[in-house]
Structure formats: structure tokens, C-alpha cells
Amino acid sequence: MDYNLNVNKDVQSPLEYKAERPNATYIPSPQNWRELPVYMIVMDKFADGDLQGVRVIFVSGTPFINMLWQADSYSALDFTIHAHGMYFMADFTVGTIGDLLGFKGYLNTSTPFDLNGYETVYKNAKYMPWNFAEYCDFEVGFFFPCCKMPAFWLDDGSVINFKTNGCFNSDFDQYGDMEAFDVHPNRQRQLSKFASVQDRLHEWKPSVMAKLKVFSCMAIKALHNDAIHIDKATQVTVDTLTKWASSTCSCAKDLGKNNFFIPGAVTGGDRFGSLY
């Protein structure tokens with residue numbers, strides 16, 4: 001593939017991916033992000049705009065291979081923002097990725113949320129870029145009787161710890177679908193496929209989190225972004241997002257970006273959002 005952030009071709013695991021480029025020069029972080037005007041660009045709708053005085057460009061939608069025919073679908077871009085004295089804010093979906101998976105018996109309809117989980121299969125869509133029919137870095141799992149769930153936080157700051165009869169030992173949450181913006185417990189949002197169109201990663205699984213840490217660091221090294229906006233940030237479990245953000249900021253600091261900025265979209269209430 002011509003456009004690939006990974007430059008290490010001889011790998012056995014995604015944890016061995018590398019994105020270092022020779023003679024790369026990284027721009028330090030601004031001291032105070034609050035002082036900088038931000039301009040948001042939605043790539044498939046952008047025609048023209050007055051960038052006078054703008055210091056931060058927020059490109060809405062992930063800059064990676066995405067699903068065809070969707071509003072945020074575009075591949076990796078060549079960013080030259082720094083040459084104009086601006087900073088670049090990328091858009092990430094830490095807990096969700098594409099729409100390749102379906103739940104057996106519910107491939108043409110919504111899947112009710114169920115903590116017992118569902119057997120999951122690839123939908124084998126007809127139109128995919130580069131025949132990208134399956135995930136290369138994450139695997140679908142099978143039922144496992146011993147399952148430890150993460151801590152789920154309530155609006156008042158208390159924690160729910162509950163047990164299940166088991167779960168699928170998978171890199172994905174296989175608990176069904178959830179409507180995008182209806183009223184549901186936040187923990188259900190954090191466990192379900194988003195709006196039937198985005199597969200949700202089992203992000204608190206240590207092996208999955210290890211990959212997510214590598215991927216965000218690769219993006220900073222290759223794209224030189226100065227900030228990351230997290231789409232649906234509060235749909236990533238609190239403790240997991242803390243680990244990811246700490247690792248991402250540490251990677252940025254090693255590159256001289258000592259004030260790396262990580263804002264996010266709060267899709268639940270304001271009280272729940274304050275936990276983050």
C-alpha cells in the first residue's frame with residue numbers, strides 16, 4: 001500500500017509497527033491553547049474559508065482509511081499546516097473503528113443489547129477500498145466463561161462493578177447495538193456497537209490497549225499533529241481513556257510537544273462528562 005504510517009515491514013505484531021521518519025523536525029506545543037482561535041474543517045463539505053487569524057486547524061473525521069460512502073471517509077492526508085504558522089488537531093475514534101462486523105442472526109436488523117454477547121461474523125461488504133474486508137490488527141473472539149469487566153462510573157462518581165456469565169474473549173465488544181443519541185445508561189454505550197455502523201473495540205483488554213497506544217504514537221510521529229480530538233470520548237471507559245491519554249501525551253513529550261492537547265466529545269450528560 002502506498003500510504004502507510006508503518007515503515008517497519010518485517011513485523012510479527014502491530015506492537016512492532018514504527019513510524020519514525022529520518023530527519024523529522026517536530027514543532028513544540030503552544031503554551032496556552034485557550035489563546036488560539038480554532039477553525040474546524042469537515043473535509044467532504046469544505047469549499048473555502050477565511051483563515052485569517054486562525055492558529056489551529058481541526059480536521060473533523062479520521063485521516064485514515066474509512067468506510068466508503070460515509071461523511072468522514074477519506075484517506076491519509078499530506079498536512080502542511082505548520083508551514084503557515086498553524087497547529088494541527090487530528091480527529092480520532094479511540095474506542096470504535098469501521099463497520100465490518102455483524103452479529104449472527106441480526107445481520108439485517110438492529111441487535112438488542114445483551115451482556116451474554118453474540119457470536120460475531122464479518123459481513124463481507126461488496127464495496128471496500130483495497131479489498132479491506134477484515135481487520136488486520138484486531139481479532140474476533142469466542143465465548144470464554146471467565147470474564148472480568150472494567151469499572152463503570154455513574155454520574156455521581158460512584159463505581160459499578162458487576163459480573164457476567166462470561167464473555168467473548170475478543171478484541172471487540174460483542175454485546176449488540178445501541179442507538180446513537182437516545183437515552184441509555186452510559187455503560188451500555190461503552191459496550192455496544194455505535195449506532196449499528198461502528199464496531200466497538202474491547203479497549204480495556206490489555207492487548208488491545210497496547211495496540212491503541214502504539215497507533216496514537218505512530219500518528220503523532222508520522223503526521224506531526226499537535227492535538228487529538230476524541231470522537232465520542234465518554235464512550236471509552238474512564239480508566240482506559242486515562243491510560244491511553246497518558247501514553248499519548250508521553251509520546252508527544254518525547255518529540256518536544258510538552259503541552260499536547262486532548263479534547264473530546266461528551267456524548268452523555270455534563271455530570272458524566274466531568275468524570276473525564
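The structure, a predicted model, holds 1 disulfide. Its partners are Cys217 and Cys251, whose sulfur atoms are 2.0 Å apart. The torsion about the S-S bond of Cys217 and Cys251 is about 75°, so this disulfide is right-handed. Cys217 belongs to helix H2 (residues 206-223) and Cys251 to helix H3 (residues 238-254), so the pair ties together parts that are 34 residues apart in sequence.

| Cysteine | Relative accessibility | Class |
|---|---|---|
| Cys217 | 15% | buried |
| Cys251 | 6% | buried |
| Cys249 | 29% | partly exposed |
| Cys136 | 65% | exposed |

Cys249 is partly exposed. The closest cysteine sulfur to that of Cys249 is in Cys251, at 9.8 Å, which is too far for a bond; a disulfide requires sulfur atoms within 2.5 Å.

The axes of H2 and H3 are 9 Å apart, at an angle of about 35°, and the crossing of the two helices is right-handed. On the H2 side, the residues in contact are Met209, Leu212, Lys213, Ser216, Cys217, Ile220 and Lys221. They meet Thr240, Lys243, Trp244, Ser247, Thr248, Cys251 and Ala252 in H3. Sorted by class, this contact of H2 with H3 has 7 nonpolar, 4 polar and 3 charged residues.

Methods:
Residues numbered from 1 in each chain as written. Predicted model: local features only at pLDDT ≥ 70, side-chain atom pairs only at ≥ 80, totals over all residues. Heavy atoms only, no water. Helix = DSSP H or I, 4+ residues; strand = E, 2+ residues; numbered from the N terminus. Buried < 20%, exposed > 50% of the residue type's maximum accessible area, 1.4 Å probe, protein only. Axes fitted to C-alpha atoms, helices over the stretch in contact; angles between N-to-C directions. Left-handed = near helix turned anticlockwise from the far one by under 90°. Contact = heavy atoms within 4.5 Å. Nonpolar A, V, L, I, M, F, W, Y, C, P; charged D, E, K, R; others polar.
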